[in-house]
Amino acid sequence: MSDLLLGLLIVLPLLGSTLSLGLGLVRERVGWWVATLVLAVEAGLASWVAYVIYVGGDRLVHVLGGETFGRKSITVGGETTNFTVGIELVGDALSGLVVVLVAGVALAALAYMRRAGPRGNAFYTVYLIMTGGLMGVALTGDLFNLFVFLEIVGLATYALIAAGRGPEAAVASLKYLVVGTTGASMYLIGVGYVFLETGALNMVDVSRSLAGDAPWFDGALYSEPLVVAAFGFVAVGLATKSAIFPLHTWQPGAYAEAPDAVTVYISALASTSAAYAFARITWLVFTPEFFAVNRRLLEVVLLLAGASVVAGSVIAAMQQRLKRTFAYSSVAQFGLVFLGICVAVHPAATEEATKFAVYGTVIHLIGHAVIKGGLFATAGALAAGEGARTLSEIAGLARRRPFISGSLTVLGLSLVGVPPSVGFVGKWYIGVGAVGANLWPVVVVIFASTVLSLLYIAQILEKLYFTPEATEVDLQDVEPIAADGGRSLSYGMAGVGVTAAVVAVALGFGGAQLASLLDPVWRAVVDSAPEVIA
Amino acid sequence: MVLDTVPPVVIVLAAALLAAVLPRRIGHAVGVLATGGVAALSWVVPEGAHLQVTLFGAFDAILYNVDPFSRLMGLIFGLIGAVAVLYSYASGADSRQTAIALSYVGTGLGTVYAGDWLTLIFFWELMAVTSTLLVWYYGGAAVRAGFRYAVLHGIGGSLLLAGIVWHYVEVGSVAFTASAGLTGGVPAALAAVGIGVNVGFVGLHAWLPDTYPRPHIAASVFLCVYTTKTGVYGMFRAFPDGHLWIAYMGGAMAVFGAFAALLQSDMRRLLSYHIQSQVGYMVAGVGLGGAAIGHSGKYYHELATAGAFGHVFNHILYKALLFMAVGVIIYRTGKESLDDIGGLGRKMPLTAGTFGIAALSIAGFPGFNGFVSKGMIIGAAEKKELEALWYLLLIGGVGTFLSFIKLGYFAFIEGEYTGDIKDANVGQSVAMVSVAGLCVAFGLVPDLLFEILPVPAEAYEYHTFTVPHIAEGVGLGLAGLVGFAILRGPLHHVGRVPDIDAVYNRVFFYGGRGLIVATTELFAAVDRVAVQFVRLCYWAGSNPVTVVFRVGRRLPRTLQPDFVREDLSADGGAVSRLYIRAGVGTSIAILVAVLTLVLLVAL
């Protein structure tokens with residue numbers, strides 16, 4: 001019964017989006033209310049699913065399309081095996097956390113959008129579509145279906161970014177469209193290769209086929225050129241979507257030019273969903289056994305991820321605009337996530353190392369979403385409240401905006417990795433995993449990332465707290481500019497930042513509990529099992 | 001008996017505390033009673049009494065252990081302690097100095113009554129501390145000398161400690177009874193050098209003449225007794241079976257000390273060299289104390305051991321007496337040097353008389369106590385057929401005669417002392433006469449000594465007054481007299497002769513200063529580099545765009561990115577923004593390039 005929930009999680013926002021558009025014909029400005037209602041229910045459903053997965057210890061599987069589809073047994077040459085027909089949705093210990101994250105962030109971003117906009121029913125329609133797409137990415141158990149959901153997310157994102165006013169947003173959106181679609185195509189080519197080789201698209205079936213489990217394979221397919229190339233295409237495609245250096249070129253513009261509220265949302269979830277997909281495919285479809293054969297492939301990805309950490313942080317430090325700084329910071333942070341993903345399946349990793357790398361990857365993925373969403377919310381709030389968008393403009397604002405500045409400080413330090421915060425827990429686990437795998441260059445990069453992220457965070461905090469305001473302009477006398485909310489700051493906008501800061505610290509304290517939820521995941525990775533079973 | 005388990009160190013340290021706070025007279029009385037009591041206690045407490053505790057939950061330490069050797073040491077330490085406290089009182093030492101001196105006596109007693117190496121090294125180090133305090137208390141030149149003393153004894157103590165730790169690791173117990181002496185090899189070598197500092201091995205001896213002449217005259221009486229003799233005792237504990245090298249080192253000390261003494265004019269400095277010389281005899285005795293050393297017949301090594309401890313006992317008596325007599329001269333005249341005095345014999349007959357007894361004792365003239373014990377050691381060397389050592393010990397004897405004839409002649413006989421001067425006061429006289437009496441008594445009736453020696457007299461059958469022995473003693477004396485008659489002129493004004501410490505004090509001073517300067521300079525240099533580096537990093541972190549510009553402009557022209565060539569004058573020369581944006585086309589090109597790279601590596 002509860003497996004129906006998986007379908008509902010995807011369908012509900014999609015239905016809600018039509019509702020928003022339909023009701024919009026009757027009433028103006030109904031979109032926010034529809035979105036809030038739908039996402040509140042969605043959040044409830046997500047909690048239920050998480051409860052069933054983590055407390056009940058279930059692995060939920062829902063087959064789309066009814067009785068005709070599903071896992072069918074076939075007999076070939078006297079051997080009976082089973083194969084999935086159609087599309088499976090899977091709710092397991094890995095996807096459960098992402099589902100909760102998506103639902104939570106989607107709801108929280110609404111609190112920000114209430115005042116900050118963009119307004120209009122069409123916007124919320126796209127917003128709900130994107131939420132549905134993100135749920136789909138999280139839940140699908142099918143490689144091709146994953147591409148579909150990635151494209152839903154992508155197209156919705158292009159539209160959301162273009163909702164920003166001015167030509168820059170349009171250009172940024174276009175750039176993202178071209179680059180993002182190219183990346184998605186690479187992924188699709190990779191999936192095509194896999195399909196050619198294995199004849200399967202279901203992740204579990206593909207994984208088994210690659211391992212040579214089906215009776216019509218002579219042995220493992222790990223060294224087949226088509227399979228190896230498939231991973232290369234998939235990795236490049238998803239790295240583009242996750243904005244790994246030097247494939248990140250679309251990302252800073254997209255984040256910076258999008259409306260503040262949209263940035264909060266996409267920065268927290270868009271790249272996160274792609275990185276999650278990469279982790280799922282790397283860990284559970286290709287599995288460590290594949291990388292034991294193709295070690296160099298893994299090391300190229302490690303190299304890119306390490307470069308991403310360093311380059312992202314350094315470029316971030318050179319930015320003047322806050323939103324650009326945070327955007328480049330994401331390049332670095334996803335570099336860390338990719339490092340974690342690769343360390344977990346590295347042939348040199350012991351069981352312990354894999355365990356910690358899995359912990360660190362997922363916790364950092366979720367922690368980064370919370371932190372970065374919160375940071376963009378505070379940056380947006382400073383822009384909305386004080387009109388400050390650059391480093392020099394935020395000088396001395398801590399006096400006037402203590403809560404927003406305080407949240408920014410907590411989130412920033414969490415990003416640096418100061419305990420007790422979720423940023424520390426994630427980085428620490430990844431670092432411990434890398435140490436356990438004896439990947440010393442990776443260890444150096446991870447610990448250097450702390451100093452490098454301090455480079456730009458310290459700059460911001462120094463401006464915020466220790467540099468006096470440039471000019472004494474008494475804003476009380478200036479009439480607020482009315483357009484698009486103008487300089488107006490709601491409790492909702494400030495609250496998102498504050499909440500993110502509180503959650504970042506709370507998750508830091510709950511790091512060990514969070515990690516224990518992931519135990520089935522690392523066991524599956526260690527065993528090279530295609531299914532995460534508690 | 002309750003007293004069986006009260007370590008003497010507790011009694012004397014309690015007395016030291018009392019002496020510090022009580023009025024001077026009562027305090028000194030308590031000191032005399034306590035040390036005298038310890039002497040009596042050492043006499044009556046039966047062998048085998050001990051107090052065992054477990055230290056740090058790991059070591060079975062024997063804080064108090066009575067055996068024949070520690071008993072002899074306790075007896076003489078207590079006895080001379082009482083005399084020295086009396087002398088202190090008579091010589092104007094204040095309560096606090098006597099309190100420190102008593103704590104020094106106490107730690108010395110703790111060392112000789114220790115039943116294991118851990119307790120021994122504990123009191124050994126404490127003794128170095130208390131003796132340093134005793135020197136420092138006098139102030140003036142004594143402070144720097146005391147510092148040098150402390151450093152050298154700190155090093156020696158650490159070496160011994162290292163030897164003991166090593167020994168513990170090898171044997172698994174710190175008790176004396178667990179093994180015969182310290183483990184051979186490195187532990188024994190470390191201990192030999194460490195103890196060698198205390199007994200004044202040649203080369204390690206310079207602290208002796210450096211320190212002992214400087215403090216208060218009464219302090220010198222204490223100092224001349226405990227440190228070196230505890231060293232001899234420790235040497236015996238470490239090497240109960242002797243060692244040939246140690247025996248020869250003893251011979252070298254005997255000769256070196258005696259002739260170095262001959263060159264001195266400062267009276268207490270002269271006496272200090274004689275401590276080294278006399279301790280050389282004891283060290284030779286300890287070194288010979290093994291059946292395997294030299295010719296092994298008829299328990300000669302028992303004779304050597306008995307001689308060593310007999311000499312410890314006798315030496316403490318006459319050396320304390322010498323320091324007391326010389327102390328009286330300094331007390332009355334205020335002069336330290338032989339060059340400044342003379343003809344005191346007629347003015348200070350009692351001092352001259354007791355000095356004479358002590359001098360004849362130390363020189364080993366028949367009828368005085370030094371003759372008995374020194375004769376035993378020389379006899380052991382002779383019977384073990386170690387002729388080189390035997391000659392060394394005889395030459396040392398000649399040197400001793402020479403230097404004491406010199407001291408006595410220039411102080412008491414030659415010249416005329418102008419001015420009114422008194423002899424020793426009552427307290428000093430009582431102290432000196434009683435010790436002088438003991439010197440004579442033990443000299444005339446050697447059996448008294450054999451009675452209390454730790455080695456039973458039957459074991460070695462030594463006859464003191466045989467013709468060859470007496471001839472030897474008298475002969476040495478005659479040789480000394482003749483020698484002095486020849487050397488009298490040059491000996492009078494030798495001036496200060498530099499010792500080995502002239503070298504190592506300089507080495508330590510300049511080496512230490514060089515080391516400190518080098519360390520601080522190195523630290524400063526590292527500090528400068530580190531600060532520069534951090535400053536640079538900080539600057540780079542604060543001005544990343546400028547850094548990129550500057551680095552970019554250093555690149556070869558063809559590699560320079562476009563943005564570096566931008567004209568900065570519009571911005572007032574300041575660099576604030578950097579445009580590095582990849583267009584859509586570039587982005588796709590990069591994507592394809594990365595894909596190509598990945599596929600190239602993979603396939």
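Is Leu394(B) buried or exposed, and how many C-beta neighbours does Leu394(B) have inside 10 Å? The first legend answers this. The model is predicted: local features need pLDDT of at least 70, side-chain atom pairs count only at pLDDT 80 or more, and totals for chains, interfaces and linings use all residues. Residues are numbered from 1 along each chain as its sequence is written, while chains are lettered from A and ligands numbered from 1 in the order in which they are written.

**View 1. Leu394(B) in helix H15 of chain B.**
Leu394(B) is buried, with 20 C-beta neighbours inside 10 Å. (Buried means 20 or more other C-beta atoms within 10 Å of the residue's own, exposed 12 or fewer, partly exposed in between; C-beta atoms are placed from the backbone.) H15 covers residues 387-413. (Helices, H or I of at least four residues, and strands, E of at least two, are DSSP runs numbered from the N terminus.) Beyond its neighbours within four places in sequence, Leu394(B) contacts Ile378(B) and Leu476(B). (Contact means C-beta atoms, placed from the backbone, within 7 Å.) Val255(B) is 139 residues away along the chain, yet its C-alpha is 8.6 Å from that of Leu394(B).

**View 2. Helix H14 of chain B, residues 369-383.**
This helix has 15 residues. It reaches 21 Å from first C-alpha to last, close to the 21 Å expected at 1.5 Å a residue. (The expected span is 1.5 Å times one less than the number of residues.) Of the 15 residues of H14(B), 15 are buried, so the helix is largely enclosed by the rest of the structure. Just after H14(B) comes Glu385(B), with a positive phi of about 60 degrees.

**View 3. Helices H12 and H16 of chain B cross.**
H12(B) spans residues 300-333 and H16(B) residues 426-444. Their axes come within 9 Å and cross at roughly 145 degrees. (Axes are lines fitted to C-alpha atoms, for helices over the stretch in contact; angles run from 0 to 180 degrees between N-to-C directions.) The crossing is left-handed. (Left-handed: the near helix is turned anticlockwise from the far one by less than a right angle; right-handed: clockwise.) Residues of H12(B) in the contact include Leu317(B), Leu321(B) and Met324(B). Those of H16(B) include Met432(B), Val435(B) and Phe442(B). By class, the contact has 14 nonpolar, two polar and no charged residues. (Ala, Val, Leu, Ile, Met, Phe, Trp, Tyr, Cys and Pro count as nonpolar; Asp, Glu, Lys and Arg as charged; the others, Gly among them, as polar.)

**View 4. H11 of chain A meets H21 of chain B.**
H11(A), residues 295-317, and H21(B), residues 584-602, pack at about 150 degrees, with axes 8 Å apart. That makes the two helices roughly antiparallel. (Roughly parallel is under 35 degrees, roughly antiparallel over 145, roughly perpendicular 65 to 115, and the rest oblique.) Their crossing is right-handed. Arg296(A), Leu297(A) and Val300(A) meet Leu597(B), Val598(B), Val601(B) and Ala602(B).

**View 5. The contact between chains A and B.**
Chain A gives 25 residues and chain B 21. H8(A) gives the most to chain A's side, with seven residues. That side has 16 nonpolar, seven polar and two charged residues.

**View 6. Val206(A) in helix H7 of chain A.**
Val206(A) is buried, with 27 other C-beta atoms within 10 Å. Among the residues it touches are Leu143(A), Val194(A) and Val285(A). Pro530(A), 324 residues apart from Val206(A) in sequence, is 8.8 Å away, C-alpha to C-alpha.

Terms used:
Two residues are in contact if their C-beta atoms, placed from the backbone, lie within 7 Å.
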